[in-house]
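User: I would like to go through this model with you, starting with how its parts pack together. Could you take my questions one at a time?

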Amino acid sequence: MDVTLDQNNPGLKQGDNISGYVIKKVAQLEEINSVFYELEHTLTGARHIHISKNDEENTFGVAFKTVPVDSTGVAHILEHTVLAGSNRFPVRDPFFSMLKRSLSTFMNAFTSSDWTMYPFSTQNRKDFYNLMDVYLDAAFFPKIDELSFKQEGHRLEIEDDLKDAGSMRLVYKGVVYNEMKGAMSSPDQVLIQFLLKALYPDTTYSHNSGGDPVAIPSLTYDQLKAFHTRHYHPSNSFFYTYGNMPLKEHLNFIQEKILKKFQRIDPKTNVLSQPRWNKPGKIINKYPLGESEDPSKKCQVCVAWLTTDIKDFFEILVLTLLEHILLGNSASPLRKALIDSKLGTALSDGTGFHDDNRDTMFACGLKDVEESAAEKIEAIIFDTLKSLVDKGIDKKLIESAIHQIEFHRKEITNTPYPYGLKLLLTISGSWLHGGDPERILRFDADLDRLREELSRGLFFENRIKSYFLNNPHRVLFTLAPDQLMESKEKNRVAVELESVRASLSKSDMKKIKEDAKALRRLQENIEDVSCLPTLELQDIPPSVKSVKETTRYGAAVACYNQPTSGIFYFEAAAVAGSFRKQLIPLIPFFCFALPRIGTTTRDYTEMAQLIDAYTGGIGLSSNSRTSFEEKGFCLPFISFSGKCLVRNQGRMFEIIQELLCKFAFSDIVRLKSLLFEYRAGLESMVVQSGHSLAMMLASRNLSTTCALSEIWHGVHQLQTIKGLTDDLTEDKLKSISSDLLSIGKNLFTRNNFKIALIGEDHPLSPASSLTASIQKALFHSPLEGGKGGVPVNAFATPEIEFDDKIIREGWSTSSAVSFVAQAFKTVRMGHEDAPALSVISKILRSMYLHREIREKGGAYGGFAVYNSEDGIFNFGSYRDPHISATLKVYDGAAAFINSGRFVDEDVKEAILQVCSGIDRPDPPGPAAQKAFYRKIVSLSDETRKAFKERLLSLTRNKVVEVAAKYFDQNKSERSVAVISSEQKLKEANEKLPHDTQLRLYRI
């Protein structure tokens, strides 16, 4: 290739030697406007991929193949422990310290089934090398202190026995131990783990790389260190860089800091392929379900196959397309057959194609089924697949699947990760197992081969035969509930700990006590972290990023001319301020159902096929926001989003117009199916997002916006849908159908619909006239004539029941851990104290909650969140072994922040953290979408800039002054909500004073 095409790295070519590396390949990635470099370090064999792109958000990552031989969680615990101090940065927690001293847009670490990765992203050059320095030293030269191992992994401690006054008992503690207790309370996590064990019994994937709480306490400190020595070596490392910074500087930095200090070894980390079976298997595993819950129809059943080698990218592409053909949308034949069977409510967790492991996997099934339905579900799957082979696959399904691949490879987003990191995660599985990462990123040749194969006929039909019908390496897997599992596990742990205690000598008990004291001293110690690199306030740009509307197209809508790489975006907002009380809780389900149920002219399968064939997705969501105008009224609205390749713009507008103007909810059978599918999604989020749900519960009586947000997105939304779906009669369905129709007719009216068009110059011009057609077709509103073309009551306060009483509630579900939240009122963004409150939230999280809740308490995380839009301050914990102790920590936050035990440097670090969030970049399309919704809620660029200016000028004295104003000792004004098991909630109430006990409810 012409190397001059890369302006960031002029002159670099294949065969060049740089800083001990040889460039093995240089390739142009036309689809993403990038240049790909593949290198190998001569001395150590370390591999490096660099993707050069004109993107200021640069990304770094280093990954290691980590291949556990048991379920002690050694790879996961090591991931935590290496980030707890290193040779050049010997502080207790450099990772969390750097979160405060950086403008990173992403910092984390991942443990997968067979690799561990340490990535970050930042827009600041100085920050990039600061973070790389700390990450490299942590990964290759960690201290791996034994006390850090005990804190992060597992340890024994001695506590008072509450059931036997004067007695002592042993308990297990540890961050990873509690994290994995929480993970193994979640049915989706349990299913995936047992499915891997069933399908890969002879490989590393049969072990829980995150750690099984049963096995974690058996991991020794020496085993942890030995695992690091073998796995965290340059010969087993894979480096990655991305962005507009020069590659030579990266390579020289890595060479000088790390690679020149090592010699090549054979780490023996290659993962062998799973030996194939000659007959299928059948397995039943259990997951914990609360004793008070109804166990009927609480099973999940799926069929899973071992498929192709991860290095065979053409077959990976084929299976990715097969996933979409069979399961991708409501009209997909296998998905439709399973859902239409009425045996379950939604596709089982883990459904789809998984290309993460050495051998790939394909699974499909149903959740919320009877255990006896397993063979019926298996028969439906095989009958459907056989029918497709016999009758042939609709060519439209194939073209639609190819279109979806093309769209999502073309679109640049930073959700859920920065774009550079998303590219790394795309290639990592294959790359680490010896595959060709360039081919994954540039798959035109494979698409050309695919089209040639398709022209010969029956290509996908033959693949269905070989991968599914005639593949004996498969398992019929059932995950069944066990209502005694939680109590049995608690008893098992108690017996195990009693046995351990009986075997301990007095000196052993003394050692446990001494270790606990030493760890407590370590946690309480105020460290000097000056050895860590940092940024200064001068490194922060004073401006805020903004996207301006353009008026050149003459449209009566907002237009944003953005370089979106051939993608066109349609955004709209319909204000939802005045619905009858009984309709308000239905609005989120309306958003879920509208694009999935069909219209007056097409059924849901036809509409699903159209949406997939011509768009990158169409979706609606309900939003409860607070206007940034002075009065701060509640602003509820529905957002409507569509996106497409520019060539499909006209077809997308036709689809949007049909959905907005010809919606119908008369298909009662489909409506019932969607209600149960929606309910299944809500139920699965409880343990996954328990901290968010708890914080919404605690905040809900503090403002109308918070109350509505909880009704729409919290526990009460689940309660609403449970109430609708229990004893769901035909009359009830007809009533729901009528209510949904009423919602649509009141939402989609001409004067209640604000539209934004986002794209490049060429598609924006025709979009204006296409939009006019939609506006003309919208319903007439009886409220037309209101000021500014908006219905008179558009901003009316929603008719919802809530009062301003302080709540203290406990909500029970099946969980081995807790989620604890507290909330109270402060002031909003426009107030002079708002910047100080945002800084206080960061100080409390990093200097107080992290120590008390994570390090001492063993929870996975503790949060302090200042919501400047609503003026609400929240505390929250995630996967927390405690309830009453955590509430005590929250109560102690006022004493901590009012003690003034923080210095100017701490305030600076908190400002850096707040600015990191403010300045987080967005690709052109999403940036314009955010600008549109800021306009909807009246958040001007001037307001944002004024807030940032006040933030950057903040002093420690101002923070102390504001802390005294809002963090007094009056705990009666703070609401509390906890999500946990019923038993843990009752135990917590026994410890709490009578006037602060929790009122208990059941989710």
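User: At what angle do the axes of helix 22 and helix 23 cross?

Analyst: The axes of helix 22 and helix 23 (residues 690-699) cross at roughly 95° and come within 5 Å. Helix 22 is therefore roughly perpendicular to helix 23, a label used for angles of 65 to 115 degrees. Axes are lines fitted to C-alpha atoms, for helices over the stretch in contact, and angles run from 0 to 180 degrees between N-to-C directions. Helices (H or I, at least four residues) and strands (E, at least two) are DSSP runs, numbered from the N terminus.

User: Which residues make that contact?

Analyst: Helix 22 contributes M685, V686, V687 and Q688, and helix 23 contributes G690, H691 and L693. Contact means heavy atoms within 4.5 Å. By class there are four nonpolar, three polar and no charged residues; Ala, Val, Leu, Ile, Met, Phe, Trp, Tyr, Cys and Pro count as nonpolar, Asp, Glu, Lys and Arg as charged, and the others, Gly among them, as polar.

User: What should I know about the model itself?

Analyst: It is a predicted model, in which local features need pLDDT of at least 70 and side-chain atom pairs count only at pLDDT 80 or more, while totals for chains, interfaces and linings use all residues. Residues are numbered from 1 along each chain as its sequence is written, and side-chain values use heavy atoms, with hydrogens and water left out.

User: New topic: in what order do the five strands of the open sheet lie?

Analyst: The order is 18-22-19-21-20, with mixed pairing; two strands pair if DSSP finds at least two bridges between them. Strand 18 (558-561) and strand 20 (617-626) are the edges, each pairing on one side only. From one strand to the next, the twist averages 20°.

User: How many bridges join strand 19 to strand 22?

Analyst: Six bridges join these antiparallel strands, residues 567-575 and 753-759 respectively. A572 has I755 of strand 22 as its bridge partner.

User: Which strands does helix 27 lie across?

Analyst: Helix 27 (residues 761-777) lies across strand 18, strand 19 and strand 22, at about 160° to strand 22. Helix 32 (residues 924-936) lies across strand 18, strand 19, strand 21 (634-645) and strand 22, and runs at about 15° to strand 19.

Conventions. Parallel < 35°, antiparallel > 145°, perpendicular 65-115°, else oblique.
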